[in-house]
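Subject: Structure handover

Hello,

I am passing on the structure below, followed by notes on what was found in it. Please read the notes with the model open.

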Amino acid sequence: MDENQQPAQRWVEIEFDCLPLRTVQRLDVPLDASPRFEAFVLRVKQAIQEHGVMNTYYLHNARCTFHFTNDPNRGMVQFKFEGTVFTDSTDTSTISCHLDVQPDGETCDWLNEAVVRWLAESVRHALVVEFDRYIQAGDLSKTQQRLEQIQAESDAAEGFLGMYL
């Protein structure tokens, strides 16, 4: 490698679409919904029932790719995942996640089942790091304003905000 070249720093790539669960207004499935969209709505509804809407984010259309060599045609393992991420009360740090992780492709002929299980668990740990980066890249002052508004509304309503706020 030429001394002026920097090595590619792509050990783990994570991409996802993020739905803050507090923004979900309706949980009914539209009559003309495709089966795929209906299934998605039902998964979001289940996430809300299990985890609530405050400081929870539903990730979908998500992929995590591990690179073990500098050649994408050799040494790549990819997983698809979907599920809920939990943040602290100020939405500034990721606490944990509850994900459904599935293998989605590989170019790594030396894989075995134990390594695939270990990597599937590693997706969760990698996502916690990446979601913290996602939070930091966002506008934290807007998050703080939103939290202050929710607190003010809660105080005005003597602590009761309603079911889906």
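The largest pocket holds about 340 Å³ of space. A pocket here is an open set of points on a 1 Å grid over the protein atoms alone, with protein on both sides within 12 Å along at least five of seven lines, whereas a cavity is a set of points where a 1.4 Å probe fits but cannot get out; lining residues have an atom within 4 Å of a point. Grid points are joined across faces, edges and corners, and the volume is the space filled by probe spheres set on the points.

This is a predicted model, in which local features need pLDDT of at least 70 and side-chain atom pairs count only at pLDDT 80 or more, while totals for chains, interfaces and linings use all residues. Residues are numbered from 1 along each chain as its sequence is written, and side-chain values use heavy atoms, with hydrogens and water left out.

The pocket lining

The largest pocket is lined by Arg-36, Phe-40, Arg-43, His-60, Asn-61, Ala-62, Arg-63, Lys-80, Phe-81, Glu-82, Asp-100 and Gln-102. H1, S2, S3 and S4 are the elements that give two or more residues to this lining; helices (H or I, at least four residues) and strands (E, at least two) are DSSP runs, numbered from the N terminus. The most comes from S2, with four residues. By type, the lining has three nonpolar, three polar and six charged residues. Ala, Val, Leu, Ile, Met, Phe, Trp, Tyr, Cys and Pro count as nonpolar, Asp, Glu, Lys and Arg as charged, and the others, Gly among them, as polar.

The sheet and helices

Four strands make an open sheet in the order S1-S2-S3-S4, with antiparallel pairing; two strands pair if DSSP finds at least two bridges between them. At the edges are strand S1 (12–20) and strand S4 (94–106), each pairing on one side only. From one strand to the next the twist averages 20 degrees. Strand S3 (residues 74–87) and S4 run antiparallel and are joined by 11 bridges. Across this pair, Lys-80 stands opposite Gln-102, and Gly-83 opposite Leu-99. S3 and S4 form a hairpin with six residues between them, and Asp-91 in the turn has a positive phi of about 55 degrees.

Helix H1 (residues 35–51) packs on the sheet, touching S1, strand S2 (56–71), S3 and S4, and its direction makes about 105 degrees with that of S2. Helix H2 (residues 113–137) lies across S1, S2, S3 and S4, at about 130 degrees to S4. Axes are lines fitted to C-alpha atoms, for helices over the stretch in contact, and angles run from 0 to 180 degrees between N-to-C directions.

Individual residues

Glu-82 lies in strand S3 and is buried, with a relative accessible area of 18%. Buried means under 20% relative accessible area, exposed over 50%, and partly exposed in between (1.4 Å probe, protein chains only). Not counting residues up to four places away in sequence, Glu-82 touches several residues, among them Phe-40, Arg-43 and Asp-100; contact means heavy atoms within 4.5 Å.

Thr-84, also placed in strand S3, counts as buried at 1% relative accessibility.

Asn-61 in strand S2 has a positive phi near 50 degrees and is partly exposed, at 47% relative accessible area.

Regards
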